[in-house]
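Reader: I would like to learn how to read a fold. Where do we begin?
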Amino acid sequence: MRRSSNLLKVLLCLLNGSSSAFLIPNIRLRAGLGLKADIGEGGSSSADDPTRPDYEIEPLPIRIGHGYDIHRLSPIQTAGQPLIIAGVEITHEPQKYLDRTGEYTGTPNTIYPTILGCEAHSDGDVVYHSLVDSIFGALTLPDIGQVFKDTDPRWRGVNSQQFMEYAEEVMTRYGYVIGNIDVTLILERPKVAGFKPEMKENIVRLLKTTPGKVNVKARTHEGVDSTGELRAVECHVVLTLVR
Ligand SMILES: [Zn+2]
């Protein structure tokens with residue numbers, strides 16, 4: 001990938017008639033449209049596009065990003081949608097949900113056996129959201145909520161796979177590919193070990209990388225706090241972007 005990236009810069013340089021393209025990071029590509037112009041103009045920012053800031057995103061050889069996300073879990077009749085993690089629907093048997101208010105059992109702080117769902121405006125995919133935030137973070141761009149505003153009709157009702165596809169497009173636009181990714185999913189129950197290979201496949205495919213660069217770990221919260229009581233699911237991502 002690095003070789004092809006350098007080759008691209010050479011080609012762009014020749015097209016541009018200038019050697020300065022070697023130093024300019026704003027090589028803009030759009031998925032599906034092939035090579036596009038728009039090389040390092042500096043003034044290419046757009047007030048209505050938060051992925052195009054009015055400063056240069058320098059072509060550092062490596063950029064590090066961190067992403068974190070949390071969503072509320074609740075009985076599926078309340079959540080209204082299943083638990084989806086890294087694009088995988090986590091099918092499961094009824095779990096021991098702590099009914100703190102007695103809403104489901106009639107008695108506060110008792111266990112309510114239930115299938116769990118994820119409460120969110122989107123599909124609540126904590127892994128995809130953390131990955132997108134870590135890519136934007138590495139590039140010094142605003143967070144996922146600012147890029148995908150719920151007031152913007154382009155993003156209304158889309159699933160989180162489309163956020164991933166757009167983050168990959170932005171990463172490519174700035175000349176980067178995935179260096180490596182380390183995902184830590186924190187979920188007390190249901191158990192997700194059997195779903196991890198499919199999660200990894202989805203991440204590899206959407207971010208156009210390889211299995212040797214993507215790690216998906218999952219752990220519990222040792223029964224403590226909201227996540228330990230099956231009332232939340234969390235995720236941390238650390239990744240590097242390279243040129
Ligand atoms: Zn989220």
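Author: With the cysteines. This is a predicted model. A search of the whole structure finds zero disulfides.

Reader: What is a disulfide, in general?

Author: A disulfide covalently bonds the sulfur atoms of two cysteines. In this structure, the search finds zero of them.

Reader: Is C118 buried or exposed?

Author: C118 is buried, because its relative accessible area is 0% and the cut-off for buried is under 20%. C235 also counts as buried, at 0% relative accessibility.

Reader: Now the sheet. How do strands pair?

Author: Backbone hydrogen bonds pair the strands of a sheet, in parallel or antiparallel fashion. Here five strands make an open sheet, ordered β8-β3-β11-β9-β10, with mixed pairing.

Reader: Which strands stand at the edges?

Author: β8 (116–119) and β10 (214–219) do. Each has a single partner strand, so one side of each lacks a neighbour in the sheet. On average, neighbouring strands are turned by 25° against each other, direction ignored.

Reader: How many bridges join β3 to β11?

Author: Eleven. β3 covers residues 62–75, β11 covers residues 232–242, and the two run antiparallel. For a pair to locate on screen, take I62: it stands opposite V242 in β11.

Reader: And which strands does helix α3 lie across?

Author: Helix α3 (residues 126–138) lies across β3, β9 (177–186) and β11. It runs at about 155° to β3. Helix α6 (residues 196–206) packs on the sheet too, touching β9 and β10. The direction of α6 makes about 145° with that of β10.

Note on methods: Residues numbered from 1 in each chain as written. Predicted model: local features only at pLDDT ≥ 70, side-chain atom pairs only at ≥ 80, totals over all residues. Heavy atoms only, no water. Disulfide = S-S within 2.5 Å. Buried < 20%, exposed > 50% of the residue type's maximum accessible area, 1.4 Å probe, protein only. Pairing = 2+ DSSP bridges. Helix = DSSP H or I, 4+ residues; strand = E, 2+ residues; numbered from the N terminus. Axes fitted to C-alpha atoms, helices over the stretch in contact; angles between N-to-C directions. Contact = heavy atoms within 4.5 Å.
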